Amino acid sequence: MKIPCSFCACFSASVQEQQTKQEEPGEDNDGNFRIFTYRELNSATRGFHPSEKIGEGGFGSVYKGELRDGSLVAVKVLSIELDSLRGERGFVAELNTLANVKHQNLVTLRGCCVEGTHRYIVYDYMENNSLRHTFLGDLQIIF
Ligand SMILES: Nc1ncnc2c1ncn2[C@@H]1O[C@H](COP(=O)(O)OP(=O)(O)OP(=O)(O)O)[C@@H](O)[C@H]1O
């Protein structure tokens, strides 16, 4: 029998609690990290429409989305399902790290969504220019 780590247990309980008490949109979890509903992300990305796809990473596809409040987000759809130990570990490790690390050069983790065995991670959307300016800004400091 697999025993979940304390973070998994807390996270799972938090998600279930959020999902039972909310419909749409998701509420703030602790003011920063937020549990999104699948419906909200589905709506934000226009049903994960191919035209909204902005990239492909090692863990899955990334879609641009617009939340109801007008803010833009990047939604990473993990291609590895929770049944996979590697997927679960990667998901928990990424959230556990990013939710606690704040830096001007790191894209902000907005929250996540759990839908069945599927997992979604939501970040602030960064325009190419934002990333380029941040990078060039660092280079100017270095040189
Ligand atoms: N917050 C974001 N804002 C805008 N575009 C993003 C954002 N996050 C990811 N992308 C786009 O999606 C692509 C894939 O990103 P993703 O983080 O999934 O893969 P990666 O950078 O290769 O890292 P890894 O595979 O290790 O997770 C990026 O190259 C970028 O074009």
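## Around the ligand

Of the 14 residues around the ligand, the nearest are Gly55, Gly57, Gly58, Val62 and Ala74; a residue is near a molecule or strand if its C-beta atom, placed from the backbone, lies within 6 Å of it. Strand 2 (53-56), strand 4 (72-78) and strand 6 (118-124) are the elements that each give two or more residues to this shell. Strands here are DSSP runs (E, at least two residues) and helices are likewise (H or I, at least four), numbered from the N terminus. Strand 2 contributes the most, with 3 residues.

By type, the shell holds 8 nonpolar, 3 polar and 3 charged residues. In this scheme Ala, Val, Leu, Ile, Met, Phe, Trp, Tyr, Cys and Pro count as nonpolar, Asp, Glu, Lys and Arg as charged, and the others, Gly among them, as polar.

Residues are numbered from 1 along each chain as its sequence is written.

The chain averages a pLDDT (the predictor's confidence in each residue, from 0 to 100) of 72, and 54% of the residues score at least 70. The model scores ipTM 0.94 and pTM 0.72. Over residues 1-31, pLDDT stays under 50. Where pLDDT is low, the predicted coordinates should not be read in detail.

Six strands form an open sheet with mixed pairing, in the order 1-5-6-4-3-2; two strands pair if DSSP finds at least two bridges between them. Strand 1 (34-35) and strand 2 are the edge strands, each pairing on one side only.

Strand 2 is antiparallel to strand 3 (residues 60-66), with 3 bridges, and Gly55 has Val62 as its bridge partner there. Strands 4 and 6 also run antiparallel, joined by 5 bridges; here Val77 is partnered by Tyr120. Strands 5 and 6 form an antiparallel pair with 6 bridges. Their hairpin has 2 residues between the strands, and Gly116 takes a positive phi near 60°.

## The nonpolar core

The largest nonpolar core has 15 residues, and Leu41, Tyr120 and Val122 are among those with the most contacts inside it. Such a core is a set of buried Ala, Val, Leu, Ile, Met, Phe, Trp, Tyr and Cys residues joined through C-beta atoms within 7 Å, where buried means 20 or more other C-beta atoms, placed from the backbone, within 10 Å of the residue's own. Helix 2 (38-44), strand 4, strand 5 (109-115) and strand 6 each give two or more residues to this core.

Terms used: Predicted model: local features only at pLDDT ≥ 70, side-chain atom pairs only at ≥ 80, totals over all residues. Buried ≥ 20, exposed ≤ 12 C-beta atoms within 10 Å, placed from the backbone. Contact = placed C-beta atoms within 7 Å.
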